[in-house]
Amino acid sequence: MALWVAAMRAGDYDAAWALAARTLAERDPATRDDPTLPYHLRWVWDGRAIDGRDVLVRCYHGLGDTIQFARFLPLLAARAASVTVEVQPRLCDLVATVTRGITIVPFNVARPLPPAEVDIEITELDFALRLPPDATPHPYLRAAPASLPRGAVALCYGAGDWDGERSVPPALFAPLCRLAPCFTLMPEPTHLAVRNPQGCPFDMAHTAALVVGADLVITVDTMIAHLAGALGKPTWLLIKAEPDWRWSPHARRSAWYPTMRLYAQPRAGDWGTVIADVERDLAALGLPALEDSI
């Protein structure tokens with residue numbers, strides 16, 4: 001796993017796919033899509049070719065994973081006979097904007113679709129297609145923008161329960177709210193000086209509209225980061241000193257999202273330095289201050 005992570009971060013995708021192929025060859029076929037396991041722990045693709053076949057793409061991981069790997073769906077559709085995507089219900093309308101010619105079905109965890117000629121989990125698409133992230137169109141999602149003031153900044157400080165160390169204490173975002181008209185993307189009330197202190201409804205259309213309407217998104221490593229990147233918005237991503245495999249703590253850019261800038265902790269737990277760097281860079285943009293935009 002460590003070798004695979006290092007290869008992915010370095011952009012050495014051939015090496016990463018070779019490691020993935022070795023892992024696939026060592027798997028017991030009887031354990032494929034094992035119904036005794038939680039969905040996020042299952043493996044689905046058995047290595048068979050997708051060209052000219054009916055392919056069922058299953059979205060067994062998080063919302064952010066689905067958004068990140070949805071970029072490969074147009075290229076999959078160009079090679080397969082048909083593509084059906086079993087998507088988390090919250091994402092159906094959004095994923096449908098990626099390309100025409102695919103069938104979107106809400107994922108019912110109690111009654112998943114029966115197998116097709118080829119079943120594959122969406123996070124396996126880069127491996128199956130042997131395509132790096134920069135071989136795909138960008139941006140690849142579309143949404144109608146909310147009407148926001150000039151210079152609006154959308155903020156997300158919470159990463160949920162999956163990894164609490166990705167979240168930033170909300171109070172640290174307070175200085176940012178003095179530099180621009182800010183909106184929260186969190187589904188909860190906040191004491192921050194934002195234009196929507198009641199919070200953002202946990203509704204993908206509403207959230208995507210705020211993201212598209214903003215001039216900049218500042219977020220921790222969560223679904224919002226993938227949403228903003230996939231929509232092509234300038235995005236500043238705040239990451240841990242040892243982040244998820246998708247991000248390199250030593251890089252400022254990401255091959256997954258060309259409009260994204262990374263801000264990594266210099267040491268574990270040090271969000272203060274990260275926010276100070278973000279505050280400096282945000283001030284340098286010269287966006288209209290909150291009081292100037294009222």
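A crossing of two helices is left-handed if the near helix is turned anticlockwise from the far one by less than a right angle, and right-handed if clockwise. Keep that in mind for the first stop.

The model is predicted, so local features need pLDDT of at least 70 and side-chain atom pairs count only at pLDDT 80 or more, while totals for chains, interfaces and linings use all residues. Residues are numbered from 1 along each chain as its sequence is written, and side-chain values use heavy atoms, with hydrogens and water left out.

**Stop 1: the helix pair**

Select residues 2–10, helix H1, and residues 13–26, helix H2. Helices (H or I, at least four residues) and strands (E, at least two) are DSSP runs, numbered from the N terminus. The axes of H1 and H2 come within 7 Å and cross at roughly 155 degrees; axes are lines fitted to C-alpha atoms, for helices over the stretch in contact, and angles run from 0 to 180 degrees between N-to-C directions. H1 and H2 are therefore roughly antiparallel (over 145 degrees), and their crossing is left-handed. Now show side chains: Leu 3, Trp 4, Ala 7 and Met 8 of H1 meet Tyr 13, Ala 15, Ala 16 and Leu 19 of H2, where contact means heavy atoms within 4.5 Å.

**Stop 2: the sheet**

Next, colour the open sheet of five strands, ordered S6-S5-S7-S8-S9 with parallel pairing. Two strands pair if DSSP finds at least two bridges between them. At the edges, S6 (182–184) and S9 (260–264) each pair on one side only. From one strand to the next, the twist averages 20 degrees. Zoom in on S5 (residues 153–156), which pairs with S6 over three bridges; Leu 155 has Thr 184 of S6 as its bridge partner.

**Stop 3: the nonpolar core**

Which residues have the most contacts inside the largest nonpolar core? Select Val 57, Leu 73, Phe 173, Ile 218, Leu 227 and Leu 238, out of 94 residues in that core. Such a core is a set of buried Ala, Val, Leu, Ile, Met, Phe, Trp, Tyr and Cys residues joined through side-chain atoms within 4.5 Å. H9 (residues 223–230) gives the most to this core, with six residues. Centre on Leu 73: its neighbours include Val 57, Val 85 and Leu 125.

**Stop 4: an enclosed helix**

Finally, pick H8 (residues 204–213): eight of its ten residues are buried, so H8 is largely enclosed by the rest of the structure. Buried means under 20% relative accessible area (1.4 Å probe, protein chains only). Among the elements covering these residues are H5 (92–95), S6, S7 and H9.

Terms used
Buried means under 20% relative accessible area, exposed over 50%, partly exposed in between (1.4 Å probe, protein chains only). Angles under 35 degrees count as roughly parallel, over 145 as roughly antiparallel, 65 to 115 as roughly perpendicular and the rest as oblique. Lists of a residue's contacts leave out its neighbours within four places in sequence.
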